[in-house]
Amino acid sequence: MLARTPLNETHRAAGARMVDFGGWDMPVHYGSQIEEHHAVRREAGLFDVSHMRVVDIEGEGAREFLRRAVANDVAKLKAPGRALYSCMLNEEGGVIDDLLVYYFRDYHYRVVVNAGTAAKDIAWMGILRNRLAAPVHITPREDLSIIAIQGPRAREMFATVYPARKAAMEQLAPFNAVLDGDWMVARTGYTGEDGLELVVPAKEAPFVWKALTIAGARPCGLGARDTLRLEAGMNLYGQDMDESVSPLDAGLAWTVDLSADRDFIGRAALAQRPRRAEFLGLVLEEPGGVLRAHQKVQAPLGEGETTSGTFSPTLGKSIALARLPLGTLPGDSVKVLVRDKPLAARVVKPPFVRHGKVL
Amino acid sequence: MKLPQDLRYTASHEWARRESDGTLAVGITDHAQEQLGDIVFVEAPQAGRKVAAGEAVGVVESVKAASDIYAPVAGEVVATNAELGSAPEKVNEDAFAAWMYRIRPSDPAAWEKLLDAAAYEKAAADSQEH
């Protein structure tokens, strides 16, 4: 039996094609994935991401606990509402999950973790808390839903629907959030566009969804979410990295803070395990197919592998993220084996698209 | 399910239309395009290629997946629809108009033995349950 978000009926009534996504019954599209993709780049799209899990980390030990559990340093979060992207690593330096950490005040942080890994993440945090005897409460918030509204007109549409929340929303700088009553409004996302992620009480989610669609936001499925994040050069857990992959080999070195003398989980392993690969983008340069995950790449310095690939609606070409031999550079020409045919591709530095523009 | 009665079908979701010259135009069904989602690449077999019935002869790729296309009958490919190379979305727009290739069957009666609309509808419904 698949898990359902509070918006499940809403998706079905709108004619969504539903798929099993990590044990959740989720919409993959509502008709055309490509049109949904363009709606986000040009206007605004709406995503149900309630399968992701909000977890509150509270108590006097919250900050020190997260400084041990997370590879980036939450001590950087000084202004209330500030968000930080990072990974939780295992002792071997592999990625347990990637997550966002929000800081609201001393003793109150909030993390948002992936759907497929949520149970594992929460169990791991519990083990770590016990091991460290950390004075923290770890509270999975199954009572909350997450709706993302993304695109150049997202904030304007939100303001027309929620005038009382407009002032608080308009003050938000990118990568900041505000607690507004029992809502959290965050200027974050997974599309490469401006927009908001709204964390709302589950029972309110269908009303919020409906109101935002009436304001003009187009319902978008997980299909468009994947093409949008790939164009934006953002990693997907389980595809671009997992427990066997070091963040240094997944383009996530910028989310690992080695500057302070801070003993986070996985640090010792990372020190023993230098970077082994370049994590870069590929653009397919000749017709013949579509780049997908797990295709072999023949690069000037050896062999690599794609970790995610798709057809990019914005570029009108196929793109991929790939682990390539150390020393591979943007501009290099490579061959990708697409159904056993070697096709020419060019190495680029992600992102491919940002704020509607091809880079 | 949208299914023209004058076509024949395969369990692997191809349709075949008999032309006046005895060749068969082949495409994928509306059900198949709907399952695949937005189609972004079509590779059909080239004219002159001899194919066996059920042989994988080309590929259709959507944003989400790649899927082989099969020859419904044995014969020789006589034409490829070049338009789909630059406009693969035509398959989504009208799957039964978007022929991919034409084949001259080695057995002129082979077309008759393919599934009719009712038999295909049943086969497609059965395969969806799995």
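How many helices and strands does chain A have?

1. Chain A has nine helices and 21 strands, where helices (H or I, at least four residues) and strands (E, at least two) are DSSP runs, numbered from the N terminus. This is a predicted model, in which local features need pLDDT of at least 70 and side-chain atom pairs count only at pLDDT 80 or more, while totals for chains, interfaces and linings use all residues. Residues are numbered from 1 along each chain as its sequence is written, and chains are lettered from A and ligands numbered from 1 in the order in which they are written.

2. The radius of gyration of chain A is 20 Å, close to the 21 Å that the globule rule gives for 359 residues, so chain A is as compact as a globular protein of that length; the radius is taken over C-alpha atoms, and the rule is 2.2 Å times the number of residues to the power 0.38. The C-alpha trace of chain A spans about 55 × 50 × 40 Å along its principal axes.

3. Of the 359 residues in chain A, 47% are buried, a residue being buried if 20 or more other C-beta atoms lie within 10 Å of its own, exposed if 12 or fewer, and partly exposed in between, with C-beta atoms placed from the backbone. Among contacts in chain A between residues at least 6 apart in sequence, 67% join residues at least 24 apart, two residues being in contact if their C-beta atoms, placed from the backbone, lie within 7 Å.

4. Leaving aside neighbours within four places in sequence, I149(A) is in contact with residues including L46(A), F158(A) and L212(A).

5. Which residues of helix 7 of chain A are buried? In this helix (residues 205-214) they are A205(A), V208(A), W209(A) and L212(A). They cover an arc of only 100° around the axis, which puts them on the same side of helix 7 of chain A; the arc is that of the directions from the helix axis to the C-beta atoms. On the other side of this helix, F207(A) and I214(A) are exposed. The buried residues of helix 7 of chain A pack against elements including helix 1 (8-13), strand 9 (144-150) and helix 5 (154-161) of chain A.

6. The contact between the chains takes 11 residues from chain A and nine residues from chain B. On the side of chain B that touches chain A, strand 4 (39-43) and strand 6 (56-62) of chain B are the elements that give two or more residues.

7. Chain B has an open sheet of six strands in the order 1-2-3-9-8-5, with antiparallel pairing, where two strands pair if DSSP finds at least two bridges between them. Its edge strands are strand 1 (8-9) and strand 5 (50-51) of chain B. In strand 8 of chain B, E76(B) is the bridge partner of K50(B), and in strand 9 of chain B the bridge partner of E76(B) is R104(B).
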